[in-house]
Amino acid sequence: MRRARFVRVALLAALTGVLCLPMTAPAQKRGGTLVMLVQPEPPTLASYISTSGPIGQVATKVYEGLLEYDFNLKPIPSLAESWKVSADGKTITFVLQKGVRFHDGKPFTSADVKFSVLEVLKKVHPRGAATFREVTEIDTPDEHTVVFKLTTPAPYLMMALSGYESPMLPKHLFEGSDIKTSKYANAPVGTGPFKFVEWQRGQFMRFDRNPDYWRKGRPYLDRIVARFIADSATRTAAMEKGEAHMGGFAAIPWSDVKALAKLPQFETTTRGYEMSSPIVQLDFNTRRPPFDNLKVRQAVAYAINRKFVIDNVWFGWGKPATGPISSNFAPLGFYTNEVKSYNVPNGVEVANKLLDEAGLKRGPDGVRAEIVHDQTPYGEEWQRYGEYVQQALAEIGIKATLRYEDVPTWLKRLYTDYDFQLSSNWIQGLADPVIGVHRLYHSKQIRPGTVFVNETGWSSPKADELMDQATVEVNPRKRAALYKELQKIVVEGSPLVWVHELQFVTVYNKQFKDVIVSPLGLYASFDRAHSDK
Amino acid sequence: MLNFLLLRLAPGDAASVLAGEAGSATPEYMAQLRQRFGLDQPVLVQLALYMKNMVALDLGFSFRYNMPVLTLILNRLGPTLLLMGVTLVLSVGAGVTLGILAASRAGSWRDTLISILALVSYATPLFWIGLMLVVVFSLKLDWLPTSGMETVAAFHEGWSRVLDIARHLILPAVTLSLFYMALYTRLMRAAMLEQAGMDYVTTARAKGVSEGRITLAHVVRNAVLPVVTVAGVQLGGLLGGSIVVESVFAWPGLGFLAFQALFARDFNLLLGIFFLSASLVVVVNLGVDLLYTFLDPRIQV
């Protein structure tokens, strides 16, 4: 009797134990070191001065932003726990998380937000002056409330507050010194899940777990190390050997991704680039013959076989592009494919007809015109792409000579001297069309000496007007309608050829989970990443 | 000064590279960068500033890295000297030994084998040798790490760190040595054969000195002179680093830093590296001259 009772009690205890277990024990295992390949090595960690990709991949583990974003491109809380946009769109109020501290122990407050936006991002950030142009004043009624005052509504602003795009910096460390030469450019102090420890140049950067992180219990990893290996074949070998666990943004070349994906220990994903949205293009100089003629530009657009390029140059990764706005913006309603399509089966035929109409007659050798084709100097694929373009143009009687220069020379040729006819290029749509797309088509964006703006020289008063309206339109539905109209006009005008939406592939070791958890991808803080080994 | 002017001939500037990496920039931002880098000044003003700094032995500031040039270079000097020192010892040691072995039985199968080995390792591209060594020794056999200077996830301390670095050093040093070794082998073999026909060798043989002693004490000592000359010249080049080996093995050396600086138009840094390499070449050549007097007492200082 007594014995039976004991068994019952024991059973009950065991049962309660089992039931309680999932609630009390952490779901994610603590510990582990994640080694990520970052290519090329960033020059500094000053993500408030440069938005360069490699800087973004490492600095985001240290600096956080007011917001994060989910895969529907909707803002979710980060350093701001809630926010409210006024009906006229001119006042945005953020309520900050409480108990957040910088890595040096000082509290994070509304004063830091005000300083970061007005004194740093607006003044020294490459896109900050554009993003925060309308923010003229910031009120800080108390330590945890920030009020942005805008002169005109800026709907795109809410898309640009991630830790990558707009990092929040410690006012007490930057104030009073020259921000551009601050020593914290090489030793960042932020609020993020990982603390900067050391940087052995040419080798690695080390970030250790921040035990006082404001999201209690996170991060799960003990350490993140960013490694720099210049040779792509060696990077792949290091992944295979397990010396490195992750690589994205073409750190593992497309040609090697296929090989690594076959190994059981690797996972690949194309998610986590939804806020970069790069499009592979062919840019015309519309000031010079033969591409000052709309029909000739359209003929080239018809002559390119998108599927061939994706399958053969980018090993199957990519999606045919339809116009200036990437399909990644579909969740916001900005994207449409109801535009003139150049991606048709009889493209070469149409192209030849257009060139005949344009008065470019074939000579005795079958050549209608001779041009120089510049290639984006960013690696192997771009050279293959250039060779394809050369052949595709030959089919419609345009003889292209290829030119491949180094990055500074190419940038100067395209964006300062306008000394080109046709160049390959790839441009990111970024977090919002106002920031990433307008710059290529607005007449005010023809600015010699400034890179990655409108270098084709094309513009149209109607397109300008639509972009100006979309910049201040607070109603998302009306804004979407403006962008659909804009896409029709720009695609018709064909200032460049939108070939395909470039898909980067992130390769990572399966022992790590929850690495890519938002559209920010490798630009996220990795506070949720964990190792199950 | 010549370096300075030559570099200014390259199109594009550091500001456009930085903005290019950023993916986008406002014109205000670009103007701000150029002003900060002093790129808005006329070239002659820039040159005058540079000369003034050089007189004070001030190598300047790298705006790209937000760091003094000297610190950047010194960080890379250690690993460069380590890799190059080991390479020099390995390549001269192996080259001289193989050269002696080949020359002492000229025309035999051993000579032929060594000559073929030297030819093949001289003619094969460095990056290919490097990658093949990685495939064989780190991926297939799993003996050595693929790249880097130490195991980054582990952060070893003390002696285990030294051992760790030594393990990382093997592949890049062997790759680089193979190339130079081939050169020294050929050179040593030719010099040995030339010396072996000299009168003093006949004299020594007439005196009844054993063949082994003739080779080691007389012929080698004379034949090694051209090798030392060539090694001295090459050491200067080696100190500038090897871009190929450094990039394949992710070794943090000067060569790759200079390569990056060129493509980023970071002229202050590039000029600093040039200056340092030039100074080292002068020092090394002085050392080689002194070594001569030791090897050949006929040469006076």
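How many residues of chain B are in contact with chain A? Here's a tour of this predicted model, one view at a time.

**View 1. Where chain B meets chain A.** The count is 46 residues on chain B, in contact with 47 residues of chain A. On chain B, the helices α2 (14–22), α3 (27–37), α5 (69–104), α7 (126–140), α11 (243–248) and α12 (254–263) each put at least two residues into the side that touches chain A. The largest share comes from α2(B), with seven residues. Sort the residues on this side of chain B by class and you get 26 nonpolar, 13 polar and seven charged.

**View 2. Two helices packed in chain B.** Look at α12(B) next to helix α13 (residues 267–295) of chain B: the two pack at an angle of about 145°, and their axes are 8 Å apart. The crossing of α12(B) and α13(B) is left-handed. From α12(B) come B:Leu254, B:Leu257, B:Ala258, B:Ala261 and B:Leu262, which meet B:Leu269, B:Leu270 and B:Ile273 of α13(B). That makes eight nonpolar residues in this contact between α12(B) and α13(B), with no polar and no charged ones.

**View 3. Getting to know chain A.** Chain A has 16 helices and 21 strands. Its C-alpha atoms fill a box of roughly 105 × 55 × 50 Å along the principal axes. The radius of gyration of chain A is 26 Å, which agrees with a compact globule, because one with 533 residues would come in near 24 Å.

**View 4. Inside chain A.** Of the 533 residues in chain A, 52% count as buried. Take the contacts in chain A between residues at least 6 apart in sequence: 70% of them join residues at least 24 apart.

Definitions and conventions:
Residues numbered from 1 in each chain as written. Chains lettered and ligands numbered in written order. Predicted model: local features only at pLDDT ≥ 70, side-chain atom pairs only at ≥ 80, totals over all residues. Helix = DSSP H or I, 4+ residues; strand = E, 2+ residues; numbered from the N terminus. Rg over C-alpha atoms; globule rule 2.2 N^0.38 Å. Buried ≥ 20, exposed ≤ 12 C-beta atoms within 10 Å, placed from the backbone. Contact = placed C-beta atoms within 7 Å. Nonpolar A, V, L, I, M, F, W, Y, C, P; charged D, E, K, R; others polar. Axes fitted to C-alpha atoms, helices over the stretch in contact; angles between N-to-C directions. Left-handed = near helix turned anticlockwise from the far one by under 90°.
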